[in-house]
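Thanks for making time this morning.

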Amino acid sequence: KKNGIVLNAKISGASKIEVFNSIGENVASTSANLNAGSNWIPVAGLSAGRYIVRLKQNSNVQDFILEKK
């Protein structure tokens, strides 16, 4: 699972996914309809490093850590 991250969404529906690098710059974003529970999100094209992946669903915001090797 090198080229993606599993996001555990709390609810189903329209979602915005943003990826931030270690200095807080937004390096990627996308919108998708996610299901509640586990969702595989591809992140190919990112350089090796540590990222924060932010999942926004209405007022619900979750942050996940991604270590890209």
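Predicted model: local features only at pLDDT ≥ 70, side-chain atom pairs only at ≥ 80, totals over all residues.

**A buried asparagine and a set of salt bridges**

Let me begin with asparagine 39, which sits in strand β4 (residues 37-42), where strands are DSSP runs of E with at least two residues, and helices runs of H or I with at least four, each numbered from the N terminus. Residues are numbered from 1 along each chain as its sequence is written, and side-chain values use heavy atoms, with hydrogens and water left out.

As for confidence, pLDDT is the predictor's own score for each residue, from 0 to 100; the protein has a mean of 92, with 97% of its residues at 70 or more.

Is asparagine 39 buried or exposed? Asparagine 39 is buried, at a relative accessible area of 9%, and the term means under 20%, with exposed over 50% and partly exposed in between (1.4 Å probe, protein chains only). A polar atom of its side chain lies 2.7 Å from the backbone oxygen of asparagine 35. If we leave aside neighbours within four places in sequence, asparagine 39 is in contact (heavy atoms within 4.5 Å) with Ile5, Val6, Leu7, Ala9 and Leu34.

Turning to charge, side chains of opposite charge can pair when their charged atoms come close. With a salt bridge taken as a side-chain nitrogen of Lys or Arg within 4 Å of a carboxyl oxygen of Asp or Glu, the count comes to four.

Which residues are joined in a network of salt bridges? They are Lys16, Glu18 and Lys56. Glutamate 18, which is buried at 9% relative accessible area, pairs with lysine 16 at 3.8 Å between the closest N and O atoms, and lysine 16 is partly exposed at 37%. Glutamate 18 also pairs with lysine 56, here at 3.3 Å. Lysine 56 is partly exposed, at 32%.

Finally, aspartate 63 forms a salt bridge with arginine 54, their closest N and O atoms being 2.7 Å apart; aspartate 63 is partly exposed at 45%, and arginine 54 is partly exposed at 25%.

Technical notes. Polar contact = N/O pair within 3.5 Å; in protein donor to acceptor, adjacent residues only side chain to side chain.
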